[in-house]
There are 2 protein chains.
Amino acid sequence: MVRYHPDPENQFGVEMGVFKQLEAFASGDSLPLGDVLAELPWNADGLLPAIAQQHDSGEVLMLAWMNRTALDETLRTGRVCYWSRSRQALWRKGESSGQVQMLRELRLDCDGDTLLLKVDQTGPACHTGRRGCFYTRVDGDRVVVDQAVQIDPAELYGR
Amino acid sequence: MVRYHPDPENQFGVEMGVFKQLEAFASGDSLPLGDVLAELPWNADGLLPAIAQQHDSGEVLMLAWMNRTALDETLRTGRVCYWSRSRQALWRKGESSGQVQMLRELRLDCDGDTLLLKVDQTGPACHTGRRGCFYTRVDGDRVVVDQAVQIDPAELYGR
């Protein structure tokens, strides 16, 4: 069931965007996926940030970027595909290292400009061979590395 | 103790950036915070994405943006301050709603272009009055709202 809050931006009959509609939904209400994907607010480069979180432990593994093609492929295949800004190419996570990310759940934030991927990550997600990319912690006036390398990158990438 | 991996970009004596240095560190090694902050790769707008994660439950609450001023204030005060891209102003989380975020831990990713904030969030983090912003889940060919509003936004913002 669709519920609308009173919305001043809508009082003259302007069609309300999907994210404004979702805001006013009760838990359990839904919209067609295609309608939502059609209104994602891609940035000037056609990208959205995507947070990858290990589905069971809750660890935030990394943040990368997706374009529409990468998102469609991820939803279709269940294997996470990003857009590499440095290589300007689709980046099927694990294609070089073998350390793939399988999608367990995809979430959107309230205005649709960030994706949250609950994933099942094989081995290290980080190119340094650590489990995740957030291995440095601010500790007073120092920045401390507090995660060990699991697999040497030379082994991961055959360098 | 600082350890260096062999790095082809460094063989002619070019100074290695802090993030390349951190990559090669063992767990427990550290650098001065000021040196790291000085090399953060701010985007063209002077911003970095910052993920806010509830420190104990692991729930990813939201993603927002910080500039250097917001980051410095957050580290100094322990209360999270972002940069609002829509308002083009510092945004002390909770300044309108009272729902503040206190910083428990700040992490940087491997190339320093994303911040991870472990926070203690009072009440709803989302402007819709829900606990977090990621309240919509892709479920087959639908997008489903699966979190209820905790506090009516009219109450939060006195509208």
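# Reading the contact of chains A and B

Guide: The contact draws 49 residues from chain A and 49 residues from chain B, where contact means heavy atoms within 4.5 Å. This is a predicted model: local features need pLDDT of at least 70, side-chain atom pairs count only at pLDDT 80 or more, and totals for chains, interfaces and linings use all residues. Residues are numbered from 1 along each chain as its sequence is written, chains are lettered from A and ligands numbered from 1 in the order in which they are written, and side-chain values use heavy atoms, with hydrogens and water left out.

Visitor: How much area do chain A and chain B bury between them?

Guide: Buried area is the accessible area (1.4 Å probe) that two parts lose on being put together, summed over both. Here the figure is about 4,400 Å², with 58% of it on carbon and sulfur atoms. On the chain A side, the most area is lost to chain B by A:Arg107, A:Phe134 and A:Val143, together 14% of what that side buries.

Visitor: How many salt bridges cross the interface of chain A and chain B?

Guide: A salt bridge needs a side-chain nitrogen of Lys or Arg within 4 Å of a carboxyl oxygen of Asp or Glu. The rule finds four across this interface. A salt bridge also joins the side chains of A:Asp113 and B:Arg85, at 3.2 Å from N to O.

Visitor: How is a pair of aromatic rings described?

Guide: By the distance of the centres and the angle of the planes. Rings of Phe, Tyr and Trp (its six-membered ring) pair if their centres lie within 6.5 Å; planes under 30 degrees apart count as stacked, over 60 as edge-to-face and the rest as tilted. Over all chains, the search finds two such pairs. A:Tyr82 and A:Trp91 have ring centres 5.3 Å apart and planes at 45°, so this pair is tilted. B:Tyr82 and B:Trp91 also form a tilted pair, with 5.3 Å between centres and 45° between planes.

Visitor: Is A:Tyr82 buried or exposed?

Guide: Buried means under 20% relative accessible area, exposed over 50%, and partly exposed in between (1.4 Å probe, protein chains only). A:Tyr82 is buried at 0%, while A:Trp91 is partly exposed at 24%. In chain B, B:Tyr82 is buried at 0% and B:Trp91 is partly exposed at 24%.

Visitor: Which ring does the charged end of A:Arg130 sit over?

Guide: The test asks for NZ of Lys or CZ of Arg within 6 Å of the ring centre and within 35 degrees of the ring normal. The charged end of A:Arg130 sits over the ring of A:Tyr135, 3.9 Å from its centre. B:Arg130 lies over the face of B:Tyr135, at 3.9 Å from the ring centre.
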